[in-house]
Every structure is written in C-alpha cells, then in structure tokens.
Amino acid sequence: MRKSLKMTLITMLIAIVVCMLNIPISKAASSSITGSKTVTVGESVTISASVNAGAWNVVLSGNGQTKELVGQTAVQGNSSASTSITFTPDKAGTYTFTLSGDITDYETEATETVSKTCTITVKEKETSDGGSDSGSGSNQGSSGNSGSSSNSGSSGSSGSSSGSSGSGSSSSSTPSFTEVNETVYATGSVNVRQSWSTSSSVVGSLSEGQSVTRTGKGSNGWSRVTFNGSTAYVSSQCLTTEKPEDKSKNSALKELTLLQGTLTPEFSKDITEYTVQVGTDVTELQLDAIPEDEKAKVKVDGNTDLKDGENKVTITVTAEDESTTVYTLTVNKTDETKDVGPVLSKLEISGATLSPTFSPEVYSYSVNVPIGTTTLDITAEAEDEETTVEITGNTDLKEGENLVTIMVTKGEGEEQQVTTYQITVNVGDLLATSGENSSSSSGPNILVIICGIAAAIIVIAIITLIVINRRNKMDYDDDEDEDEDYANTTMLNQNFNYADELKARRAEKDEEKKQSREDYLNSYKDIADNSTTENSNENDDNDDDTTDRKKRRGRHF
C-alpha cells in the first residue's frame, strides 16, 4: 500500500513537470525576410517579410516597390503579420530588398530596430543544343577531303593515302538518319539550326512545349525536323514525344484591392482602365492584386514616389503560357480626396478592438478574436445617406487568418465610386494553441497562476512523502521494540525456570486477598444482623408499654 502511494505521488510529480514543459511561453519580438536567392530572367520571384511582436512599424522595399507593415495587437502576447513583394526581372543583375523599421515586444515593451536585407541574383536564360562536339568534328573531317587534290604530287601513294584518309573522315562525319514522321515537343528554349552541327547557322528557335514534325533521327544525336516549311535540325536531347500539359492562358485578375484611395469604376476582371483618387500625403499606392490562376505572375510598376497630379500605375499579369494582361490605374494625387469617394463614418466590431483605431481615411485593419468565433457583429455606417455598405467575409470564420471586406459604393455606371475597407481577422490569437503559424501566448498572468499551482502541488507532494517516511520509520522502531521485549522475555524464560512458580504464587496471593475480603464482609454482616435483632426487641417492648398505657388510660373513662 505504501509503495503504491509513493509510486502515485512520483507519477503526479512527473506529470506536473511534463505539463510545465508544455506551457507555451511567449516568444520575444522577431522579424524575417526571405526569398529565392537565384533566378533567371523572366522567372517570377516573391520576397516575403514577417514580424512577430506586440507592435510594429516596418517597410519592405526594393526594385521600385514598397510594402508597409504598421499595426499593434490589443490582446495578451505577441502577434504575427506578413507582407510580400512579387516581381519578374527582365534583365540579369543583382536586386536587393530591405526590411527596415522597428518592432516592440509585448511583454518587455522593448523596441528593436529592424534592418535586414535579401539579395536576389538574376541570371540570363540559357539555350541548349546538346551533342555539338560530334557535329563540329564531322565538319573538320569533311574539310579533309581536300587531301585528294594532293594526289597530283609526285608521291601518288602519299596522295592516295591522304585521299583515303580524307574519304574516311567524310564517311564517318556524315550521320545516317532513320526515317520517322512524328510530332515532338521542345523541352525548353532551344535553337533550330541549318545543319546537324552547332557550328551551323541558327534559323530560329523553339520555346518550351512548342511542337514540330520530326522526319528523321540521326545517329549523331540530332533530329531532322520541318521548321517553317523547310528542313532544319535540332538536338534530339532537347525534344520529347510526350505532349506537355497545356499551359494556362488565364492572365486575368481575381481581386484588386486598394489600401488607400478610391477605385473608379468598381473592379471587374474585364475592365483594365481605372482611376484612383488619393490625398497629397500619399506617396505610395498600396494595393493587393490577386490573379485568378495561381500560376500567373503579377508585376506592379509606378505605384511608388507618387507626384502631385496624375500618375500611371500598371499591373501586368503574366499567364503560364506567357500571355499577358495589363491593368492601368490613373492615380490623381490632389487635396480633394474626401470629396471624391464615399467613406465610412463608423466602424465597430462587437466584443473586439480594431487595430489601428478606426479613422475614415484608414482602410486596412486587423482584429484578434478567441478560438471558436465563427461570426462577427460589425457595425459599418457611411457619411452619405446615398451610399450603400456591403460587408462580406464576416461569417463562417475559420481558425487562423480571415479577410473581411467592406465595400462603400456611391453612384451608378461610369460615375460609380467604390471605397474598400479590409479587416484581417485572426481567430484563435486570444488563446494559447499548439502548431501553425500564430505565436501568441495566453499571457504572463495565466502563466504565473499555472506555475504557482504547479509549485503548490509539488510542495504538498513533498510534504506528504516526508510524513509517510516518518511514519514508516516510527512503525519500524516500534517493531524493533517489540522484537527486543520478546527477546528479553525469552531470555528470562530460558535463564530462569520458575515462570510457573511465579504464576502459582501470584494466584495464591490473589486467593488470600479474596478470602480476606470475604472474611471482612462476613464479620461486617454479623455485626449488622445483631444490631437489627436488638432494635427489633426494643421495638417490641415499646409496643407493649404503649399498649399498657392505652389500656390504663381507657380504664379511667
């Protein structure tokens, strides 16, 4: 029983330690910037920046683009935010992107200056022909045929030998082609040549996936093809008979959201010309352009260093098959911002706090809600009664990051003006969770309480072990005393053989005492009986006297 209790207490202690190790400890404020280090011209690359802090004010910039991260969290612990820049380099070189600003840790309130860079190296595209050496050698061998002209020399045998050698070279340099008639596809960007040698002139090129008809397969690694109606040659290792998957031609935008300013008309993927009105304090047009096809690439130009007056911003969407669609924004930078587009006069969320604090000119916010929240009660009111307000994305919230969009619309047709507000809803940041991409904790107060309870349980367990140990020791000492008494008694019984005699004497003494007590009681009883008899006799005499007196008295009447 005691061993079982000890094992239970030890198990409890181990469980407490494991639980304490699993308590989420809030991480210190941090930031990072990442991106592919080496790409080729025309290959899209994305540079991502992220922060984990209580408050942050950082800027990701490079290649003429700038993205800001400004915000703070109203819950316990640090929160995460991220942004990215995507660009497609059109020339080789080195591109540097910078993440700069400052972040503040929620618990320590310490502010850290951020200055990190990411360098992208862009290389030129490489074209391949493959198997060129044999072709070059064949041409050299062919030129050896001039040796036959030397037969006119005095040494005919020598000339003949030279001619023979030249003839042999010519024979080995001319490849044999197996006749075929099949469609082949380029595995990459490859040159098409006039002959089966890299020293021959280039008559064109094939892009990746482009098809041609192959009419012959050479023994030297070259293929004879029909190109633009003529016979040409392509390295066989750059061709395949397997038709590649059709590349998407979708170069349309799915969403176009401005973080400041008003987009006119309302966005549609089929409309490529827009106007945007911003204030004179706006130096960069922050926007979020999402393509319909995930494989499409988006490039934004002209959205930084905005000047007073009219500015042109282009958004180029390149499909997987290299087809493009260009969206053009005419950005008017004037002081008439408030008179142009509809704005909200009130924006509130029941039970949650917006970050930053609401302002009609601020169009991007974030909010943190507890895990399990599926719907937000949002109050959004416009200044102008003629405007309409539409809220989407505030229902069926999932754990993690959700996006709520509020569209403020005024007017119709070409005169329609739309202002978009966005709220990033982080579900679960109020409670500590296990796996992800949120690093917030349950806060220092809860952590202190948990540690305090664990410490109290440990202390109680230790005291219980000490008490049990002392009781076990006392029981052991009592057992030793009993064993010692038993040993002493046994020794006495062995050394002295009159234990029975002692018992007999004790019994005799008890009998004497009992007899003496009985004699005493009997003597007391005799005395009491005599006294009772005498009293009885006296009473009888008295009765007789009394009777005589009565009689005498009666005689006188």
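Here are some questions and answers about the structure above.

This is a predicted model, in which local features need pLDDT of at least 70, side-chain atom pairs count only at pLDDT 80 or more, and totals for chains, interfaces and linings use all residues. Residues are numbered from 1 along each chain as its sequence is written, and side-chain values use heavy atoms, with hydrogens and water left out.

User: How many helices and strands does the protein chain have?
Analyst: Helices (H or I, at least four residues) and strands (E, at least two) are DSSP runs, numbered from the N terminus. Counted that way, the protein chain has 6 helices and 28 strands.

User: What percentage of the residues of the protein chain count as buried?
Analyst: Buried means under 20% relative accessible area, exposed means over 50%, and partly exposed lies in between (1.4 Å probe, protein chains only). The protein chain has 557 residues, and the share that counts as buried is 33%.

User: Is Arg506 buried or exposed?
Analyst: Let's find it first: Arg506 sits in helix H6, which covers residues 499-555. Its relative accessibility is 59%, so Arg506 counts as exposed.

User: Which loop holds Pro265?
Analyst: Pro265 is joined to Thr264 by a cis peptide bond, with omega of about -5°. Most peptide bonds are trans. You can find Pro265 in the loop between strand E17 (262-264) and strand E18 (273-278).

User: What is the phi of Glu322?
Analyst: Most residues other than glycine have a negative phi. Glu322 is in the loop between strand E21 (309-318) and strand E22 (324-333), and it is exposed, with a relative accessible area of 55%. Although Glu322 is not a glycine, its phi is positive, at about 75°.

User: What is the relative accessible area of Asp396?
Analyst: Asp396 belongs to the loop between strand E26 (388-392) and strand E27 (400-410). This residue is not a glycine, yet Asp396 has a positive phi of about 55°. Asp396 is exposed, and its relative accessible area is 60%.
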